[in-house]
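Student: I am new to this structure. Could you take me through it in short steps?

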Amino acid sequence: MKKLFLTMMAVLFAISANAQSYNVGTSNTTTDYFGNRTTTHRDQYGNRTGTSTSTTDYFGNTTTTHRDSYGNTIGTSTTSTDYLGNTTTTHRDKYGNNTGTDRSNTDYFGNTHTTYSDSYGNSRGTSTTSTDYFGNTTTNYKDRYGNSQGTSRTSTDYFGNRNTEQRSNNSNTTIWSW
């Protein structure tokens with residue numbers, strides 16, 4: 001019995017070692033009275049790396065301004081939603097140059113599928129977001145070849161503030177810039 005227990009523990013240890021993921025940062029989002037959102041981004045050590053501030057216009061389009069840890073604008077993202085509920089987000093650098101586009105649609109079960117493209121329209125990867133019974137979301141990211149890259153898990157507190165933890169399969173943080 002003892003030998004069986006030790007064997008099972010060794011197997012579990014080997015499985016967990018191969019399934020290792022790395023905490024590459026967190027994001028905390030607060031919403032003000034007018035519905036504007038401010039997100040503070042932190043690296044895996046808790047250092048503030050930047051902020052994103054989002055405002056939504058009368059037509060439902062959302063503009064997000066991204067700033068580095070010093071408050072300098074490093075880019076913007078503009079999101080529009082069509083009448084079917086599909087969203088398109090265009091990213092621009094601080095000079096206004098297009099750096100990529102995200103296209104999202106939601107299936108019958110409420111899962112959101114997103115395709116990420118660079119400024120030339122080439123695929124950079126995909127993600128699938130699912131929501132549990134409590135409103136928490138899990139997003140699984142894949143590169144353009146379909147290889148798993150990492151996950152994001154978002155929970156929302158009683159006041160509507162969101163906390164997101166990003167985990168990467170290989171300590172790569174570039175997937176979070178999609």
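Tutor: Start with one term: contact means heavy atoms within 4.5 Å. This is a predicted model, where local features need pLDDT of at least 70, side-chain atom pairs count only at pLDDT 80 or more, and totals for chains, interfaces and linings use all residues. Residues are numbered from 1 along each chain as its sequence is written, and side-chain values use heavy atoms, with hydrogens and water left out.

Student: Which residues does Thr-101 touch, not counting residues up to four places away in sequence?

Tutor: Thr-101 lies in strand E7. Strands (E, at least two residues) are DSSP runs numbered from the N terminus, as are helices (H or I, at least four). Setting aside residues up to four places away in sequence, Thr-101 touches Thr-88, Thr-89, Thr-90, His-91, Thr-115, Tyr-116 and Ser-117.

Student: Is Thr-101 buried or exposed, and what is its relative accessible area?

Tutor: Buried means under 20% relative accessible area, exposed over 50%, and partly exposed in between (1.4 Å probe, protein chains only). Thr-101 is buried, because its relative accessible area is 10%.

Student: How many bridges join E6 and strand E7?

Tutor: Two strands pair if DSSP finds at least two bridges between them. E6 and E7 (residues 98–106) run antiparallel. Thr-87 faces Ser-104 in E7. The bridges between E6 and E7 number six.

Student: Which residue in the turn between E6 and E7 has a positive phi?

Tutor: E6 and E7 form a hairpin, with four residues between them. The positive phi is about 95°, and it belongs to Gly-96.

Student: Which residue in E6 stands opposite Thr-76?

Tutor: Strand E5 (residues 73–81) pairs with strand E6 (residues 87–93) in the antiparallel sense, over seven bridges. E5 and E6 also form a hairpin, with five residues between them, and Gly-85 in the turn has a positive phi of about 90°. Opposite Thr-76 stands Arg-92.

Student: What distance does the polar contact between the side chains of Thr-114 and Ser-104 have?

Tutor: A polar contact is a pair of N or O atoms within 3.5 Å; within protein, one must be able to donate a hydrogen and the other to accept it, and residues adjacent in sequence count only if both atoms are side-chain atoms. Thr-114 is in strand E8 (residues 112–118). Thr-114 counts as buried because its relative accessibility is 8%. Its side chain joins that of Ser-104 at 2.7 Å.

Student: Which side chain makes a polar contact with the side chain of Thr-164?

Tutor: Thr-164 lies in strand E12 (residues 162–168), and it counts as buried at 13% relative accessibility. Leaving aside neighbours within four places in sequence, the contacts of Thr-164 include Gly-25, Thr-26 and Ser-152. The polar contact, at 2.8 Å, is with Thr-154.

Student: How far apart are the C-alpha atoms of Thr-164 and Asn-28?

Tutor: Along the chain, Thr-164 and Asn-28 are 136 residues apart. Their C-alpha atoms are separated by 6.3 Å.

Student: How many aromatic pairs does the structure hold?

Tutor: Rings of Phe, Tyr and Trp (its six-membered ring) pair if their centres lie within 6.5 Å; planes under 30 degrees apart count as stacked, over 60 as edge-to-face and the rest as tilted. The total is five.

Student: Why is the pair of Tyr-158 and Phe-159 edge-to-face?

Tutor: First take Tyr-33 and Phe-34, an edge-to-face pair at 5.4 Å centre to centre. Tyr-33 is exposed at 77% relative accessible area, and Phe-34 is exposed at 68%. The rings of Tyr-158 and Phe-159 have their centres 5.4 Å apart; that pair is edge-to-face because its planes stand at 85°.
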